[in-house]
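Open the model in your viewer and keep the selection tool at hand. The stops below go from one selection to the next.

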Amino acid sequence: MISINVYPLPLYAQNEDLTNSVAVIIDVLRATTVIVSAFAGGAKEIIPMLDIEQARQQKEILETMHGKGSVLLGGERKGIPIAGFELGNSPQHFTSEKIAGKILILTTTNGTVAIHAARNARCLYIAGLVNAQAVVERLKNEEKIAIFCAGTDGEITEEDLLLAGCLVSRLSRSSQQNQCQWNHHAETAKQLWENQFFIDNNEFVSESKLIEFLRQSCGGKNLVALKLDEDITAAAKIDSINLVPEI
Ligand code: MLT
């Protein structure tokens with residue numbers, strides 16, 4: 001029996017005992033998409049951090065051990081790259097030319113906060129639309145799954161719920177009948193996904209429809225306002241990366 005709980009914001013999981021759960025962290029726009037993309041580009045290790053100053057200090061410490069140029073700082077505040085950081089939070093900028101073999105220290109407004117909120121789980125997987133099916137495959141043999149949506153500045157966001165719904169929908173279809181149970185938020189998320197991408201009980205997902213959906217979402221509107229439309233296009237490349245970052 002698989003039990004799936006979706007938390008639309010990290011604080012919904014505040015009093016939960018996560019020790020026996022596998023947590024899945026979602027921040028489609030953009031932190032978790034960046035983490036998946038950076039590993040696809042060959043990043044050696046990614047260290048999520050909450051604080052900008054601590055991230056800078058950590059880079060100094062790590063560079064004394066691994067050599068100058070071995071560590072890159074990435075992330076954003078209010079969607080904008082952080083002064084002095086080598087990289088922002090745009091998934092398509094994490095190319096192998098920039099990131100292969102490097103350690104990335106990443107600090108973002110919501111995504112890295114969600115990772116820290118789930119730290120008591122048995123292990124943490126990082127999910128974007130880009131690696132959705134790879135995450136589903138990884139979760140198939142798990143019994144207790146906690147899906148954390150990062151949200152945006154304390155607000156629930158549709159883009160994170162949509163991916164949560166995709167994972168619940170695909171997992172429920174891949175498990176035996178009656179072998180999967182989920183909470184109310186998981187049902188809402190599942191319906192959101194299936195209302196968009198289901199015809200006659202079959203999934204029909206298109207990147208153009210995903211882009212359209214993401215542009216209308218809370219995180220998407222912020223990115224459109226910052227003229228970061230390309231980041232939405234990068235985040236919508238569903239099932240394009242076959243790896244699952246694990247903490
Ligand atoms: C975050 O972690 O807050 C997001 O990824 C925000 C963003 O980069 O737009």
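Predicted model: local features only at pLDDT ≥ 70, side-chain atom pairs only at ≥ 80, totals over all residues.

Residues are numbered from 1 along each chain as its sequence is written, and side-chain values use heavy atoms, without hydrogens and water.

Now select Glu76: a polar atom of its side chain lies 3.3 Å from a ligand oxygen. For Thr108, a side-chain N or O atom is 2.5 Å from an oxygen atom of the ligand. The protein covers 92% of the 270 Å² of accessible area that the ligand has on its own (Shrake-Rupley method, 1.4 Å probe; for residues, only the protein chains shown count as cover).

Go to Arg30, where a polar backbone atom is 2.8 Å from an oxygen atom of the ligand. The peptide bond from Leu29 to Arg30 is cis, with omega near 15°.

Next, select Lys78, which is not a glycine but has a positive phi of about 55°. Lys78 is exposed, at 76% relative accessible area (exposed is over 50%, buried under 20%, partly exposed in between, with a 1.4 Å probe and protein chains only).

Then select Asn201, also not a glycine, with a positive phi of about 65°. Asn201 is exposed, with a relative accessible area of 67%.

Finish at Ile156, which is partly exposed at 37%.

Technical notes: Polar contact = N/O pair within 3.5 Å; in protein donor to acceptor, adjacent residues only side chain to side chain.
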